[in-house]
Amino acid sequence: MPVNAEPTLEQALDWLVRDAEHTAVAERDLAALHTTLTAENLGPGSALHTWFLNRGRALRTHLTALFARAAADGSAPAKVAPEVLAAETAAFLEGVHLLWLLDPEQIDLVAVHRSYTDGLIARLRG
């Protein structure tokens, strides 16, 4: 892939799995801090609310563009709703980290990421 090229759907989803592998091994404390600070700044008057709001919007914007490109290049159905898939994927990412942080003995972060991304690709290929 050229340096400035946008990733394909499969490349981007594979990156999410590789990121989970890294997080599970080396970034548990950082993931816990992120989750805690997000929860503590849900209210509009909170110190970091705008930062987390903008971060979530930026993530969904990138994911929306990814799903729109997939629909345009035929790797996802043309009828796909990119904004909905972006919100779903972002919700998965935030939620799975919370589950894993609460119960790492029962939640295999990498396996759940892989299952979600494989299922999403299969669903999009219909």
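**Notebook: aromatic pairs, core and a buried threonine**

I searched the whole structure for aromatic pairs and found 2. In one of them, the ring centres of Trp51 and Phe52 are 4.8 Å apart and the planes stand at 85 degrees, so I recorded this pair as edge-to-face. I also looked up the accessibility of Phe52, which is buried at a relative accessible area of 12%.

The other entry is the pair of Phe92 and Tyr116, which is stacked, with 4.1 Å from centre to centre and 10 degrees between the planes. Phe92 belongs to helix α4 (residues 82-102) and Tyr116 to helix α5, so this pair ties together parts that are 24 residues apart in sequence. I noted that Phe92 and Tyr116 are both buried.

**Confidence**

I must keep in mind that the model is predicted. I looked up its confidence: the mean pLDDT of the protein is 93, and 97% of the residues reach 70 or more. Among the elements, helix α2 (residues 28-40) has the lowest mean pLDDT, 94, while α4 has the highest, 97.

**A charge over a ring**

I then turned to Trp100 and found Arg28 over the face of its ring, 5.7 Å from the ring centre.

**The nonpolar core**

Which residues of the largest nonpolar core touch the most other members? I found Leu9, Leu13, Leu63, Phe67, Leu85, Leu120 and Leu124, out of 28 residues in this core. The elements that contribute two or more residues to the core are α1 (9-26), α3 (49-73), α4 and α5. Of these, α4 gives the most, with 8 residues. As general background, I noted that nonpolar side chains tend to be buried together in soluble globular proteins.

**Thr117**

I checked what its side chain reaches, and found the backbone oxygen of Arg114 at 3.2 Å. Beyond neighbours within four places in sequence, Thr117 is in contact with Leu13 and Val17. I marked Leu13 for a second look, as Leu13 is also one of the core residues that touch the most other members.

Methods. Residues are numbered from 1 along each chain as its sequence is written. This is a predicted model: local features need pLDDT of at least 70, side-chain atom pairs count only at pLDDT 80 or more; totals for chains, interfaces and linings use all residues. Side-chain values use heavy atoms; hydrogens and water are left out. A polar contact is a pair of N or O atoms within 3.5 Å; within protein, one must be able to donate a hydrogen and the other to accept it, and residues adjacent in sequence count only if both atoms are side-chain atoms. Contact means heavy atoms within 4.5 Å. Rings of Phe, Tyr and Trp (its six-membered ring) pair if their centres lie within 6.5 Å; planes under 30 degrees apart count as stacked, over 60 as edge-to-face and the rest as tilted. Buried means under 20% relative accessible area, exposed over 50%, partly exposed in between (1.4 Å probe, protein chains only). Helices (H or I, at least four residues) and strands (E, at least two) are DSSP runs, numbered from the N terminus. A charge sits over a ring if NZ of Lys or CZ of Arg is within 6 Å of the ring centre and within 35 degrees of the ring normal. pLDDT is the predictor's confidence in each residue, from 0 to 100. A nonpolar core is a set of buried Ala, Val, Leu, Ile, Met, Phe, Trp, Tyr and Cys residues joined through side-chain atoms within 4.5 Å.
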